[in-house]
Amino acid sequence: MDLGSYTRVTGVATQGRNGNVQWVTEYRLQYSDDGVIFKFCKEPHHTSPKLFFGNQDTDSVAYNRLSPPIAARYIRILPVVWHNHISMRIELYGCPGCTSPLGMENRAISDAQISASSQEDVNHAAKQARLRIKADGNKSGGWSARRDDFSQWLQVDLGSNTKVTRVATQGRNQRDEWVTKYRLQYSYGGVNFKFYKIKENRYLMEIQTATPLY
């Protein structure tokens with residue numbers, strides 16, 4: 001299943017084939033960010049793939065909760081044991097975006113998807129803007145613009161239309177530098193940008209980083 005964008009998946013439900021004595025009784029689950037490299041779902045602190053128990057008849061629904069949830073775009077079901085023939089119906093539970101990170105910190109968002117208006121030098125580039133990144137040698141502990149003015153911006157290409165529910169920021173690691181307020185813009189094509197506004201009025205929302213948005 002291609003979920004269309006980076007999505008938090010919390011559970012799986014399966015059924016057998018209606019009108020036929022066919023169902024999958026056990027399966028494993030894989031997930032992927034790009035549809036090419038897949039990882040097995042595993043229990044916390046376990047190295048072997050988790051085995052999910054499926055159906056015992058044609059129409060009963062077998063539910064499996066994913067704990068912890070999986071954050072990915074692609075989900076793959078691999079039947080392991082089946083009755084008469086591999087046949088199944090399936091539903092996935094979760095929501096796009098939710099409160100799960102979209103990939104800055106865990107690098108699901110690539111360096112090429114992060115850009116900025118300017119940078120102090122290559123060691124202070126936009127790709128250094130990942131949450132909780134640390135200064136390492138000449139590499140800065142954050143993105144640093146070349147100039148301090150109101151024309152500077154940091155941009156992330158999410159790869160597809162994605163629901164964004166909140167934003168987290170930090171200052172520059174090992175330096176007494178940070179942004180205390182900022183505005184947010186969004187775009188569907190990367191050309192025309194709109195300001196994020198409070199629904200109740202037409203003024204631009206000014207976000208104070210010291211106050212959580214949730």
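The model is a predicted one, and it holds 3 aromatic pairs.

Let us start with Tyr27 and Phe52, whose rings are stacked, with 5.4 Å from centre to centre and 10° between the planes. If you trace the chain, you will find Tyr27 in strand S2 (residues 23-32) and Phe52 in strand S4 (residues 52-53), so this pair links distant parts of the chain, 25 residues apart. How much of these two residues is accessible? Tyr27 has a relative accessibility of 0% and therefore counts as buried, since the cut-off for that word is under 20%. Phe52, at 1% relative accessibility, counts as buried too.

Next, turn to Tyr63 and Tyr93. Their ring centres are 6.3 Å apart and their planes meet at 45°, so this pair is tilted; a stacked pair would need planes under 30 degrees apart, and an edge-to-face pair over 60. Tyr63 belongs to strand S5 (residues 62-83) and Tyr93 to strand S6 (residues 89-96), so the pair ties together parts that are 30 residues apart in sequence. Are these tyrosines buried or exposed? Tyr63 is exposed, with a relative accessible area of 58%, while Tyr93 is partly exposed, at 37%.

One last stop involves a charge and a ring. Arg76 lies over the face of Phe38, 3.8 Å from the ring centre.

Key
Residues numbered from 1 in each chain as written. Predicted model: local features only at pLDDT ≥ 70, side-chain atom pairs only at ≥ 80, totals over all residues. Heavy atoms only, no water. Phe/Tyr/Trp six-rings, centres within 6.5 Å; stacked < 30°, edge-to-face > 60°. Helix = DSSP H or I, 4+ residues; strand = E, 2+ residues; numbered from the N terminus. Buried < 20%, exposed > 50% of the residue type's maximum accessible area, 1.4 Å probe, protein only. Lys NZ or Arg CZ within 6 Å of the ring centre and 35° of its normal.
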